[in-house]
Amino acid sequence: MPFLQKSYESLDTLAEAIGQAIRAPITIENRHHQLIAYSTHPDSTDPARIATIIGRRVPEAVIEDLWESGILQNVIDRDEPVVIPARLSVGLGERAAVVIKQQDEVLGYIWSLARTHPFSEQELTVLQEGANIAKKLLMTIAMHERRIDAELERFFLDILATPTLSLSQHERLNEIAPIAVASRLTVIDCLQPITPQFAERLFYVLATQQAIEVVLQAIDGQQLLVWHYMKSELSEEETALVEWAERFEAQLGDKFPEAEPRLGISRRFFESETIYHAAEEARRVTSLRRKFPLELAAARAFEQIGIYQLVPDLARLIGLRLETHPTLERLHAYDHAHQTELVTTLEWYFYFDGNVKQVAAHLHIHPNTVLYRVRRIEELTQITRVSLPERAAIYLAIKAGQYRQDD
């Protein structure tokens with residue numbers, strides 16, 4: 001027999017009805033674990049529920065724990081409610097959960113906090129009924145959100161396509177993001193096209209990132225572009241960004257290893273007029289990280305790539321005048337004539353700041369071989385006598401030549 005009404009005016013009234021029927025606190029979340037309804041609860045409840053209600057979304061640590069343990073995937077795969085043992089390490093008491101789905105599309109979840117006695121079959125049946133009722137309400141919400149998301153995505157791609165914004169675009173941006181904050185433009189670059197199914201999974205992972213607030217997002221070929229800002233204080237923004245980017249990229253790599261996602265993050269910007277250039281900076285970071293995976297393995301933000309940010313421009317200039325640095329020309333000619341690797345040795349000698357042992361280990365040669373090659377380089381170029389700026393220019397010329405070859 002049914003234990004609930006067939007329909008409810010709102011998810012809040014549904015959550016309260018389910019809670020009264022099984023005498024337990026109830027929360028209803030959307031597919032991104034954002035809280036959309038919850039019932040009343042007694043004074044005694046667990047930290048995870050309190051944090052969810054205060055933050056209006058499930059804490060990131062809880063979601064990560066449920067994914068890593070396989071619990072959340074089990075909830076999604078099953079049509080009936082799942083009883084979940086306590087996860088005290090993340091403040092989660094014993095629960096029952098049921099997914100709300102339309103065919104294979106996840107719309108949300110219903111969670112029930114456990115009491116002092118186990119869930120009965122009747123109570124689990126009530127949760128299942130609640131999921132069926134909530135599906136109708138969430139489908140309406142999801143359709144509305146999809147229309148809004150599609151319209152915002154088109155608008156975001158339009159403003160990223162030109163360095164000059166129109167008056168109407170300015171006005172719309174002021175409606176979307178009226179407060180000037182330290183924004184960033186992040187590009188998530190993948191090695192495969194982002195299909196609608198892949199996009200949904202990417203959006204899900206992005207939505208669980210509690211360190212950032214997303215303003216706009218859009219798919220462009222093999223890239224997900226995200227305009228966001230850190231929730232930290234401005235004085236701590238840079239440190240928080242680096243910590244978040246490292247954690248987020250590792251998370252993406254674990255979930256989508258075949259796509260090999262790489263982050264590229266622009267410098268901070270405070271005015272919407274600079275968003276086009278911010279996207280160019282972010283794309284430059286991902287492009288350079290693909291070209292130089294070892295040298296830029298730990299660099300995700302534009303500030304972190306240092307002088308590499310000049311490499312694409314220098315490569316273009318080299319292409320225009322069809323020559324590189326005179327010192328490199330001399331070493332390339334010697335390598336070609338004598339089948340040596342002086343340019344490669346010099347490249348890594350600069351990279352490892354003259355540490356012969358590190359150069360030898362990287363090139364898989366004996367340190368004495370490195371020393372011999374360096375002496376030969378000095379004989380040909382007097383490299384030790386040139387200034388630091390000129391040595392930097394030579395190193396940049398080497399990388400620019402590699403950048404052009406890869407293209």
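Where does Ser266 lie? Ser266 is found in the loop between β9 (262-265) and α9 (275-291); helices (H or I, at least four residues) and strands (E, at least two) are DSSP runs, numbered from the N terminus. The model is predicted, and local features need pLDDT of at least 70, side-chain atom pairs count only at pLDDT 80 or more, and totals for chains, interfaces and linings use all residues. Residues are numbered from 1 along each chain as its sequence is written, and side-chain values use heavy atoms, with hydrogens and water left out.

Ser266 counts as buried because its relative accessibility is 0%; buried means under 20% relative accessible area, exposed over 50%, and partly exposed in between (1.4 Å probe, protein chains only). Neighbours within four places in sequence aside, the contacts of Ser266 (heavy atoms within 4.5 Å) are Arg184, Leu185, Ala278, Glu281, Ala282, Phe302 and Glu303.

Strand β1 (26-30) is mostly covered, with five of its five residues buried. In a regular strand the side chains alternate between the two faces of the sheet. In β1 both faces are covered: Ile26, Ile28 and Asn30 are buried on one side, and Thr27 and Glu29 on the other. Two strands are said to pair if DSSP finds at least two bridges between them. With β5, strand β1 pairs in the antiparallel sense over five bridges, and Ser112 of β5 is the bridge partner of Ile26. Strand β2 (residues 35-38) runs antiparallel to β1 and is joined to it by three bridges, with Tyr38 of β2 opposite Thr27. Four residues stand between the strands in the hairpin of β1 and β2, where His33 takes a positive phi near 65°.

Strand β5 (residues 105-113) also pairs with β4, in the antiparallel sense and over eight bridges. Here Val98 stands opposite Ile110 of β5. The hairpin of β4 and β5 has two residues between the strands, and in this hairpin Gln103 takes a positive phi near 55°. Strand β4 (residues 95-102) is mostly covered, seven of its eight residues being buried. Strand β3 (residues 82-84) pairs with β4 over three bridges, again in the antiparallel sense; Arg95 of β4 is the bridge partner of Ile84.

Empty space comes next. Rolling a probe the size of a water molecule over the atoms shows where empty space is left. On a 1 Å grid over the protein atoms alone, a cavity is a set of points where a 1.4 Å probe fits but cannot get out, and a pocket is an open set with protein on both sides within 12 Å along at least five of seven lines; lining residues have an atom within 4 Å of a point. Grid points are joined across faces, edges and corners, and a volume is the space filled by probe spheres set on the points.

The structure holds three cavities of 30 Å³ or more, and the largest cavity contains about 160 Å³ of space. It is lined by 18 residues, of which Thr27, Glu29, Thr52, Arg95 and Trp111 are the closest to its centre. At least two lining residues of the largest cavity come from each of β1, α2 (47-55), α3 (60-68) and β5.

The largest pocket holds about 1500 Å³ of space. Among its 39 lining residues, Arg31, His32, Glu200, Phe203 and Tyr204 lie nearest its centre. Two or more lining residues are given by each of α4 (71-77), β5, α5 (121-160), α7 (196-207) and β7 (212-220). The largest share, 10 residues, comes from α7.

Thr345 lies in α12 and counts as buried, since its relative accessibility is 0%. Not counting residues up to four places away in sequence, Thr345 touches Val359, Leu363, Val370 and Arg373. The side chains of Thr345 and Arg373 are joined by a polar contact of 3.0 Å; a polar contact is a pair of N or O atoms within 3.5 Å, where within protein one must be able to donate a hydrogen and the other to accept it, and residues adjacent in sequence count only if both atoms are side-chain atoms.
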